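Reader: I am new to this structure and would like to go through it with you. Could we begin with the ligand and then turn to the helices?

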Amino acid sequence: MNHFAFRDNELYCEEVPVQKIAEQVGTPLYIYSHATLKRHFHAFADAFKDVDNLICFSAKANTNLAVLKLFSNLGGGLDIVSGGELYRGLKAGFSPEKIVYSGVGKRIDEIDYALETGILMFNIESLEELDSINKRAGVLKKRANVSIRVNPDVDARTHPYISTGMKKNKFGINTEFAIKGYKAAMGLKNVKIVGIDCHIGSQITEIKPFEDALKSLKLLIKDLEAYGINIKYLDMGGGLGITYNDEVPPQPAEYARAIKKSLGRTKLKLILEPGRVIVGNAGALVTKVLYRKSTGVKEFIIVDAGMNDLVRPTLYKAFHAIKPVVLSEEGEIVADIVGPICESGDFLALDRYVQRVHQGDLIAVMSAGAYGFVMSSNYCSRLKIPEVMVKENKFHVTRKRQKYEDLTKGEKIPPYL
Ligand code: LLP
């Protein structure tokens with residue numbers, strides 16, 4: 001069941017007309033469907049329920065506290081990449097022993113914060129990082145649980161900016177060096193080797209790259225056993241793609257089946273770090289038509305959301321479906337949907353067939369629940385927009401729209417000016 005659907009020519013999120021939310025909260029705004037978030041989390045978790053597993057939602061996809069709280073209530077863990085995400089995760093109620101920490105550039109203060117918190121494991125991305133974590137754990141009199149993020153050198157065949165598992169990418173440690181890393185870790189007093197990890201990319205729409213990565217991890221695990229290193233966790237990262245337009249990615253069940261099959265019988269606990277597949281299609285960006293104009297060669301629909309609110313179209317040439325919030329009989333035109341920012345890259349859709357709209361009409365930019373608000377900025381001193389969660393026939397503003405005062409918070413003019 002799609003929780004963003006038309007009823008009597010009007011777009012609803014669950015039981016609430018999108019137009020009603022926009023009238024009360026203003027535009028632009030992000031809307032998330034509670035039922036969709038929950039269903040997607042369950043679909044993913046259920047697909048792995050016959051193996052020992054921990055689903056660590058990848059915070060970076062959507063860090064709204066209400067969204068995080070929902071997943072912590074559902075028993076999920078969290079995949080973080082910064083001290084800020086750890087802070088949010090703890091605020092949302094995740095228990096530290098369900099938090100895994102990846103990222104190539106963990107700062108010392110962030111490492112300390114995670115050590116003090118007592119997270120499940122650090123996914124180590126370089127030998128120097130391993131050394132730093134060992135040192136900080138020594139200083140803080142803690143023992144750090146670590147796994148090595150292996151770069152299995154597989155092509156995830158996705159957008160180059162979000163492909164992470166090839167040797168030319170900055171992520172993880174090559175399989176050749178991983179063994180060296182594990183051996184080094186064995187000799188370190190303040191770290192405990194607990195796992196192996198990989199994350200090969202995002203918006204992956206085929207099974208094969210995951211299978212290839214797992215194959216390479218399994219070989220490594222064998223080698224490790226030969227050296228007497230027995231690990232407990234196998235973290236497969238995230239990356240499963242969703243349908244934005246006409247992609248046909250594997251369903252979570254199919255993805256899980258393939259992973260479980262190539263994993264075979266194992267005592268390892270499987271960790272997964274899904275982000276997009278859980279939240280992507282659970283959210284929409286709602287924006288209002290400000291003006292229309294034609295240049296003779298092009299039709300423009302100028303809306304009140306810009307690239308600072310949703311950067312994916314311009315950054316990755318990403319496709320997001322555009323839907324009118326109220327259907328009409330006026331037919332379609334081909335237009336660019338553009339924002340108010342002074343850059344030609346400020347678009348939400350290019351050369352798109354869209355319903356003929358008018359000033360004041362609302363448009364929904366679909367599949368915006370992942371990497372939407374979290375990647376937004378205050379560029380052009382535009383206010384960050386609200387996030388709303390809809391549950392059945394009610395909605396809650398889970399983040400308020402910023403005010404002008406918020407823009408200058410923390411800024412100071414030196415006394416000589
Ligand atoms: N684990 C790690 C270590 C990651 O780096 C990522 C995403 C995930 C899990 C979650 O991946 P997912 O299941 O969402 O594919 N901003 C880009 C996506 C960047 C993904 C970065 N890493 C976009 O808007 O497409």
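Author: An oxygen atom of the ligand is 2.9 Å from a polar backbone atom of Gly275, where a polar contact is a pair of N or O atoms within 3.5 Å; within protein, one must be able to donate a hydrogen and the other to accept it, and residues adjacent in sequence count only if both atoms are side-chain atoms. This is a predicted model, in which local features need pLDDT of at least 70 and side-chain atom pairs count only at pLDDT 80 or more, while totals for chains, interfaces and linings use all residues. Residues are numbered from 1 along each chain as its sequence is written, and side-chain values use heavy atoms, with hydrogens and water left out.

Reader: How far is an oxygen atom of the ligand from a polar backbone atom of Gly239?

Author: That distance is 2.8 Å.

Reader: And what about the side chain of Lys60?

Author: A polar side-chain atom of Lys60 lies 3.5 Å from an oxygen atom of the ligand.

Reader: How many residues surround the ligand?

Author: There are 19, and the closest are Ser202, Glu273, Arg312, Tyr316 and Tyr371. A residue counts as near if one of its heavy atoms lies within 4 Å of the molecule or strand.

Reader: Now the helices. At what angle do helix 2 and helix 3 pack?

Author: Helix 2 (residues 34–47) and helix 3 (residues 65–73) pack at about 40°, and their axes are 11 Å apart. Helices (H or I, at least four residues) and strands (E, at least two) are DSSP runs, numbered from the N terminus. Axes are lines fitted to C-alpha atoms, for helices over the stretch in contact, and angles run from 0 to 180 degrees between N-to-C directions.

Reader: Which residues make the contact?

Author: His34, Leu37, Lys38 and Phe41 of helix 2 meet Val67, Leu70 and Phe71 of helix 3, contact meaning heavy atoms within 4.5 Å.

Reader: What about helix 8 and helix 9?

Author: The axes of helix 8 (residues 208–226) and helix 9 (residues 252–263) come within 10 Å and cross at roughly 25°. Helix 8 and helix 9 are therefore roughly parallel to each other. Their contact involves Phe210, Glu211, Leu214 and Lys218 of helix 8, with Tyr255, Ala258, Ile259, Ser262 and Leu263 of helix 9.

Note on methods: Angles under 35 degrees count as roughly parallel, over 145 as roughly antiparallel, 65 to 115 as roughly perpendicular and the rest as oblique.
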